[in-house]
Amino acid sequence: MTPNMDEAIEKLPEPKDVTYQRPVKLDDALLMTKFGIYNLCLITISGTILAAVLLETLGISYVLPVAECDLMLTTKEKGILSAISFAGIISSSHLWGFLADTRGRRTVILPTLFLAFASTVLSSFTTNFWLITITRFFTGFFISGSSATIYAYLGEFHAKSNSSRAIMGASFVFGVGCILLPLIAWSVINQEWEYTLPLLNIVYRPWRLFIVVCGLPSLVCGLALLYFPESPKFLFSRGYEQETIMIMHKMYRWNTGGKGPKLALTSLLQETEAQQTKIRREESANNKSVLRLLKQMWQQTAPLFMGQYLKRTTIICVLQFGIYLTSNGMYMFFPDILNRIAELEDQGVGRTTICQAVYATQVDISQLQQHDVNATALPEVCHQKLDISAYEHSFVLETIYALGFAVIGLIINAVGKLPILVFIFGVCGISGILIVFIDLPLLAIWFYVILLTCGFCISVVNACTVDLFPTNLRAMAVCISLMFGRLGSVVGANIVGFLLDSQCELTFWISGISLIGCGLLSFFIPNIYKRNALEDRISISSR
């Protein structure tokens, strides 16, 4: 807790004390702090961080169609560039997961947000494919620190009965924030100004500014987290009982506004911890050797692939891979494909499938190579703006996400995670297959939108992961599962990049069948048939 928040809280009136004499379970203590402004602030910041990750990784999809002349991009290079930030996320997920479990959630999230923003700013000044690829890789490398860790950080400020709902609440904020993506893209990219920067030998066009704007939420969230403490569950697992109790007091005062009785919580019931786990935890806190660090990373990861956790980890990782394969991989070319359809419709073509439109609007890269990429006048094949329909349908997609996350957050405890997963996977998978056969462009686009809503399942699967693993493995489990998810993004984006111009139909078949397979796999998630409400009545012990 920072001094600023301490001072703000201390100004609140001191009400009459209410003492709890016996040690209390951490989960019960979190319930005693009530649910109020403190929790809502954390949910808002966490949701904004999730939106920042999406802007950093998926915002490039709006850049690809309008930057192909400046950067001389082929369709395959577009696939690589759209996937490279996910590759950066994959390469660092294991590291950040280990550091989050051993050094702290906030310790990882805070610096990585600032470093991701710095890398994003640098990428906006690049002049060719390789330079922007390298800088976007480092953007993904750093943004990974907050991408997965934020779920554990947020969940550990809430009791078991509220953690899934808090995560879905953050996902709702994430959905609302994502609505801004097409709006910002439209307001920035479709402008007509440009400035020549002789020192860097580039023409600074709107798409470069858009990249910077996509990085701003990372900066804002980093500044906001300066006012919040480390996860109380993490601190308690490390033996910092008094610090944890202090956080409980601050949360309670903040949530009640000082109007309720003072929470005189004096002690917490210690969690049981295996001696071997405790020894490794204490060693990691003091260790500075690189080899020992790598060894401890393996020791932290190995339990996820042993005993009762092997099946859980495998299923969660496969599900995330399948979801990201479509939700991110296919999304990276969504604005580009919609722009191609609009281009064909402007030529008077009324009935065509999405793939026929793609084949008819291919760009010959040799025309770009013969042209000065920094010249003010660009060849006719170049697009400096995106058709308005690309923004409109993207806006509709993000609005569906925002409303969908709100609905899921309300019904997830009552309905259960399994029906939600099976329904979304089934509908999206069938839609992906039908796209191949529909020759009405508008209808096909709507089915494309439905296909991309499979991203709803990401947060539902993350909520499952938080429930399936204990505190000392939770952040690593989420990071590992999302690492496989990002691998799915890399594979998906490159599949589209390599097949779109030659085997377009195959890309949609792959997406549809993989989602249906994920729906079937959902039945095998351990404890998936239980409702949270039932679980809470059975046990509210700290995870």
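This is a predicted model: local features need pLDDT of at least 70, side-chain atom pairs count only at pLDDT 80 or more; totals for chains, interfaces and linings use all residues.
A cavity is a set of grid points where a 1.4 Å probe fits but cannot get out.

**View 1. The structure holds four cavities of 30 Å³ or more.** The largest cavity contains about 350 Å³ of space.

**View 2. A lining of 25 residues surrounds the largest cavity.** Which residues lie nearest its centre? They are L54, F174, Y324, N328 and I458. By residue type, the lining of the largest cavity divides into 15 nonpolar, eight polar and two charged.

**View 3. Seen by helix, the lining of the largest cavity draws at least two residues from each of several helices.** These are helix 3 (37–58), helix 7 (129–155), helix 8 (160–189), helix 14 (308–327), helix 18 (388–415), helix 21 (456–468) and helix 22 (471–499). Helix 3 gives the largest share, five residues.

**View 4. The largest cavity lies between domain 1 and domain 2.** Why is it placed between them? Domain 1 (22–268) and domain 2 (300–364 + 384–531) both give residues to its lining, so the cavity lies between the two.

**View 5. The second largest cavity is lined by L325, M330, G492, I495, V496, T507, I510 and S511.** Helix 22 and helix 23 (504–521) each supply at least two residues of this lining. Five of the lining residues are nonpolar and three are polar. How many are charged? The lining of the second largest cavity has no charged residues.

Terms used
Residues are numbered from 1 along each chain as its sequence is written. Side-chain values use heavy atoms; hydrogens and water are left out. On a 1 Å grid over the protein atoms alone, a cavity is a set of points where a 1.4 Å probe fits but cannot get out, and a pocket is an open set with protein on both sides within 12 Å along at least five of seven lines; lining residues have an atom within 4 Å of a point. Grid points are joined across faces, edges and corners, and a volume is the space filled by probe spheres set on the points. Helices (H or I, at least four residues) and strands (E, at least two) are DSSP runs, numbered from the N terminus. Ala, Val, Leu, Ile, Met, Phe, Trp, Tyr, Cys and Pro count as nonpolar, Asp, Glu, Lys and Arg as charged, and the others, Gly among them, as polar. Domain bounds come from an automatic or database domain assignment.
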